[in-house]
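Please walk through the model below from its elements to its side-chain contacts.

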Amino acid sequence: MIDKRFRKEIQDELTKKLVSKGYHEAVEQEQLRVASLTNIEDVEFGEDKSMRFRAIVVTAPEFELPDHKNIPVELPDTKVSEVEVEAAIKRLRDQSADL
């Protein structure tokens, strides 16, 4: 009776756990840098208690950074005048004021 009633739920939960474990083992074994998992499909259980599935993933691209230490950078002037400070304080007072 339990088998008839809960078979589908048990199979679904077991499939999720086995697919998750198999997916993580395959990613680790192949040393993939997975950006996202797109889809899992074709889940099959063999008679010899094996399981097969296909996972479609997006991998992070491999690239080399160029030499960035010699790139010239122009820093903007960050001096603040007294007038700008007073204007900012007045603006904060006006925003926080109660009528």
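In helix 1, the residues T15, V19, Y23 and V27 are buried, where buried stands for under 20% relative accessible area, exposed for over 50%, and partly exposed for the range in between (1.4 Å probe, protein chains only). Helices (H or I, at least four residues) and strands (E, at least two) are DSSP runs, numbered from the N terminus. This is a predicted model, in which local features need pLDDT of at least 70 and side-chain atom pairs count only at pLDDT 80 or more, while totals for chains, interfaces and linings use all residues. Residues are numbered from 1 along each chain as its sequence is written, and side-chain values use heavy atoms, with hydrogens and water left out.

Helix 1 has 29 residues and spans 40 Å from its first C-alpha to its last, close to the 42 Å expected at 1.5 Å a residue; the expected span is 1.5 Å times one less than the number of residues. At K8, helix 1 bends by about 40°, the bend being the angle between axes fitted to the seven residues ending at a residue and the seven starting there.

The term salt bridge refers to a side-chain nitrogen of Lys or Arg within 4 Å of a carboxyl oxygen of Asp or Glu. Both K17 and E13 lie in helix 1, 4 residues apart, about one turn of the helix. K17 is exposed because its relative accessible area is 53%, whereas E13, at 46%, is partly exposed.

The loop between helix 1 and strand 1 contains Q31. Although Q31 is not a glycine, its phi is positive, about 55°. Most residues other than glycine have a negative phi. With 69% relative accessibility, Q31 counts as exposed.

Next come the strands. Strand 1 and strand 2 (residues 51-59) run antiparallel and are joined by 8 bridges; two strands count as paired if DSSP finds at least two bridges between them. Together, strand 1 and strand 2 form a hairpin with 5 residues between them, and K49 in the turn has a positive phi of about 65°. Individual positions show how the strands line up: I40 stands opposite A55 in strand 2, and E44 has R52 in strand 2 as its bridge partner. S50 belongs to the loop between strand 1 and strand 2 and is partly exposed, at a relative accessible area of 30%. The C-alpha atoms of S50 and S96 are 66 Å apart, and 46 residues separate S50 from S96 along the chain.

D42 lies in strand 1, and its phi is near 55°, again a positive value in a residue other than glycine. What forms a salt bridge with D42? The partner is R54, and the closest N and O atoms are 3.3 Å apart. This pair links distant parts of the chain, R54 in strand 2 and D42 in strand 1, 12 residues apart. R54 is partly exposed, with a relative accessible area of 47%, and D42 is partly exposed at 41%.

Which residues make the nonpolar surface patch? L14, L18, L37, I40, V43 and F45 make it, with an area of about 470 Å². Such patches consist of residues with over 30% relative accessible area and no salt bridge, with like charges joined within 9 Å and nonpolar side chains (Val, Leu, Ile, Met, Phe, Trp, Tyr) within 5 Å. The areas come from the Shrake-Rupley method with a 1.4 Å probe, and for residues only the protein chains shown count as cover. Helix 1 (2-30) and strand 1 (34-45) each supply at least two residues of the nonpolar patch, and the largest share, 4 residues, comes from strand 1. F45 is located in strand 1 and counts as partly exposed because its relative accessible area is 48%.

Finally, the structure holds 4 salt bridges. Among them is the one in which the side chains of D94 and K90 meet, at 3.1 Å from N to O. D94 and K90 are separated by about one helical turn because they are 4 residues apart in helix 2 (residues 82-96).
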